[in-house]
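Welcome, and please have your viewer ready for a short walk through this chain. We will go from annotated spans to a domain contact, and then to a few backbone details.

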Amino acid sequence: MADPPGCCYSCATCLLCLYSCQWFTTKKEKRKGLRTTKCDCSWFLFLFCVFLFTMVWLYFTIIILNDFHNFNEFIFKQRKLWLDWSLVLLVATAMLITYSAVLLVLALCLQLCGQPLKLHWLHKTLLILTALVVAAAFTGLGIKWAEEWRSAHISLQATGPFLHIGIVGGMTLLAWPLASFIYHTRNTGLKVFLLLVYCAVMIALYLSPLGITSPCIMEENQLPPKPALAGHRGAPMLAPENTLMSLHKAVDCDVQVFETDVMVSADGVPFLMHDEELTRTTNVQAVFPERAALNSTAFNWTDLQQLDAGSWFLERRPFPTVQSLSAGDRYQVTKQRIPSLEQALEAAKQSNISIMFDLRPENHSDYQSFVNATLEVIFQSGIPLQQILWLPDGFREQVKQQAPGIQQVYGRKRLQNEKEPLLHVNLPYQDMSSEEIRQYRQDNISVNLYVVNQPWLFSVLWCSGVSSVTTNACQLLKEMKHPIWLLPSSTYLMIWIVVDCASFLAILWAFLLLK
């Protein structure tokens, strides 16, 4: 097979060597007998599918980064090992997608140079392994982290218009090697099949914007107010979670609510702690090694005050932002202790922010006494009751009777025959659609969604009209003055028409030029 004009012998040989591991370096005639067979075409199609498969996994990887801190905490609870597994995931995904992308580019270049597509058996084996690894990753995601499928659906509202442009562009570029292959192959049936498949895919892509919906396709004057921020355990990217330093950092980020978790010590003192065990966020293993595995509520307040609740933050670096802390902040981190609810309420009162909390563990045999101890501290603190957002469902009616001024926040959607209308709901961001958020807003129901860390997700919820979000990244969302993108429907329609027309003309040019 002759080398096409513009494709030098050395370049063609180099491409063939990398793709086929056929090291022909002397005579061009040595590869004249090589032809692209149906089997070779099948392997190229498999390569293309593996590349698309890894691209989809890369997209999922980027989406689930919003929730990956939860996965890190889950692994720590199971294995007592702290590692930022998101870095491992990103590196592994980058390796897989780079490998399949390089092979695909080599194959396309070989086709443009008129060279045979003889994929080496080692590449075939590695491609099969790549497909199996990605399939296993998707399977694990579906079994252990099924809610991330709903996150992916939400993400399409933020990325749909841009994915359409990118995929149309990629398929348009594919027209060049496709045209070259069609003009060089002698198999008429294969020509017709490839043309029909390509045309069907392109028509589907050209019409796909009809099915793309996004709350951010709206006029500027229709944009709802920016959602208020609730600091998830304070500002956990800037200070150790559930500490007074974290609360103050959250105040500096202009949060309106400090979201936390409350437990009650063995001697009846409510304190801030998320985990049932103290091992992740304190040095309990060093101070009380024989009691480290006990529930947090098994410790009295005197024992809890002996624990360092800050140094772990510098040692484990739960977020990349820890590296940028100033020397003063690092010193302050090492001085953090487990705060009591009384201390947190006093800080919230002085900062004029609300405090929203869960009371854990709800299955404890003394839970009613936990509720009573918590209410007593609230009354004694003197904080205005409207600044208290009560999340626990246990003994909620008792709380309503004893403290009617406390704002009741429900972790569920409203029911059809609700006797008492809900005023505040607190739900995972995956549990409410844009339509439901708009409906709740029209009915004057405050909707808080958690945990929202990525700007793309915050933008979608902002456009949807959510009242507030709970976030780990208050310092990042604070700086957002506008959603990442906002397009009037007329502008989006114009972009759609221009992109599709440009793509059609480019494809037509490719087939005419290579004829």
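Start by selecting residues 227-481, where UniProt, in an unreviewed entry, places the feature "domain: GP-PDE". UniProt positions follow the numbering used here, feature names are shortened, and annotations may be inferred rather than shown by experiment. The end C-alpha atoms of this span are 11 Å apart, and 34% of the span is helix and 16% strand. Helices (H or I, at least four residues) and strands (E, at least two) are DSSP runs, numbered from the N terminus.

A word on what you are looking at: this is a predicted model, in which local features need pLDDT of at least 70 and side-chain atom pairs count only at pLDDT 80 or more, while totals for chains, interfaces and linings use all residues. Residues are numbered from 1 along each chain as its sequence is written, and side-chain values use heavy atoms, with hydrogens and water left out.

**Stop 1: the transmembrane annotations**

Next, select residues 41-65, 85-113, 125-143, 163-183, 192-212 and 493-514, which UniProt lists under "transmembrane region", again in an unreviewed entry. Focus on residues 163-183: this span is 95% helix and 0% strand, with its end C-alpha atoms 30 Å apart. Then move to residues 192-212, where the ends lie 31 Å apart by C-alpha and the make-up is 76% helix and 0% strand.

**Stop 2: two domains**

Colour the chain by domain: domain 1 covers 9-23 + 34-214 + 493-514, and domain 2 covers 228-478. These bounds come from an automatic or database domain assignment. Between the C-alpha centres of domain 1 and domain 2 you will find 42 Å. Their contact (heavy atoms within 4.5 Å) takes 18 residues from domain 1 and 22 residues from domain 2.

How much area do domain 1 and domain 2 bury between them? The value is about 1,800 Å², with 55% of it on carbon and sulfur atoms. Buried area here is the accessible area (1.4 Å probe) that two parts lose on being put together, summed over both.

**Stop 3: polar links across the contact**

Between domain 1 and domain 2 there are 11 residue pairs in polar contact, both residues being at pLDDT 80 or more. A polar contact is a pair of N or O atoms within 3.5 Å; within protein, one must be able to donate a hydrogen and the other to accept it, and residues adjacent in sequence count only if both atoms are side-chain atoms.

On the domain 1 side, select α3 (68-79) and α6 (147-173), each of which supplies at least two residues that touch domain 2. With eight residues, α6 gives the most to that side.

The two domains are also linked by four salt bridges, each a side-chain nitrogen of Lys or Arg within 4 Å of a carboxyl oxygen of Asp or Glu. Zoom in on K80 and E277, whose side chains meet in a salt bridge at 3.0 Å, N to O. K80 sits in the loop between α3 and α4 (85-112) and E277 in the loop between β3 (270-272) and α10 (284-287), so the pair ties together parts that are 197 residues apart in sequence.

**Stop 4: backbone details**

Finally, select P361, in the loop between β4 (354-359) and α15 (367-381). Another cis peptide bond joins Y450 and V451, with omega about -20 degrees.
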